[in-house]
Amino acid sequence: MTVHIDDWTCRLDFPDGWIDLTAAIELEPAGKAAWAREVVNSVNPLDLVASRESLEKNLVSLARNAEKAHAVLAAAYFAVGGANYAAFDVQIFGEDGVVLSLDEVESRLRGHKEIVGEPHASRVELPVGPAVRLQAVYQSKGVLGFGKQLSERVSYALLVPQTSDVLLATMSWRAMEHSDQLTSVADALMPTLSFVPLDAEGNALPEGGSCGV
């Protein structure tokens, strides 16, 4: 998947099991529904355990969540049969004249009010450069404010070279019984991230190249 943000491009290579939600983020409700129907129609019905209707509703809901999060790129991870295991999105943060350090970014990630317990933070070296990796359990209110919902997230925050932008990539899930597997999926995905600078016409600059694998 590729997403263009101002004068650079973000790329990630998603393997089998992922559905790209990016194209549906800015669609109107009817467009999201039509998009979900098209995606489900492209799936072999013999591979589905979940009903087509429930899968369509799930995809629309995931696209809506990505839209609410102002994601610039989003995808969903599905198990064989059509069960949604995790969601992934990329958000871009930045303010002209404000350049954050990784320490400041980590502090802001740790300060999220919904984090339960002590988050696990570390520094990792990706092909595009150093990043803050934070894994934590989050607690949010349920429907109408009643009940509590727990989710787990693995987030990677990076400083985009030659800009003041911060890229935040997050994979989240509620299926805690699959945490080990999904953590491995998230950690295997992030090294494929690459930044490619663009010229004034939006074309990739040759010297930028792809830093991913």
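Which residues does Ser179 touch, not counting residues up to four places away in sequence?

The model is predicted: local features need pLDDT of at least 70 and side-chain atom pairs count only at pLDDT 80 or more, while totals for chains, interfaces and linings use all residues. Residues are numbered from 1 along each chain as its sequence is written, and side-chain values use heavy atoms, with hydrogens and water left out.

**Stop 1: helix H2**

Select residues 52-68, which form H2; helices (H or I, at least four residues) and strands (E, at least two) are DSSP runs, numbered from the N terminus. H2 has 17 residues and spans 24 Å from its first C-alpha to its last, close to the 24 Å expected at 1.5 Å a residue (1.5 Å times one less than the number of residues).

Now colour Leu55, Glu56, Leu59, Val60, Leu62, Ala63 and Ala66, which are buried (under 20% relative accessible area; exposed is over 50% and partly exposed in between, with a 1.4 Å probe and protein chains only). Viewed down the axis of H2, the buried residues fall within an arc of 160°, so they line one face of the helix; the arc is that of the directions from the helix axis to the C-beta atoms. Glu53, Lys57 and Lys68 are exposed on the face turned away from the buried side.

Show what covers the buried residues of H2: this includes strand E3 (18-20), helix H1 (29-41), strand E4 (73-78) and strand E5 (84-93).

**Stop 2: H1 against H2**

Keep H1 and H2 in view. Their axes come within 9 Å and cross at roughly 130°; axes are lines fitted to C-alpha atoms, for helices over the stretch in contact, and angles run from 0 to 180 degrees between N-to-C directions. H1 and H2 are therefore oblique to each other (angles under 35 degrees count as roughly parallel, over 145 as roughly antiparallel, 65 to 115 as roughly perpendicular and the rest as oblique). Residues making the contact (heavy atoms within 4.5 Å) include Trp35 and Val39 of H1 and Leu59 and Ala63 of H2.

**Stop 3: His70**

Go to the loop between H2 and E4, where His70 lies. His70 has a positive phi, near 55°. At 65% relative accessibility, His70 counts as exposed.

**Stop 4: Ser179**

Select helix H4 (residues 179-189), which contains Ser179. At 11% relative accessibility, Ser179 counts as buried. Leaving aside residues up to four places away in sequence, Ser179 touches Glu152 and Trp173.
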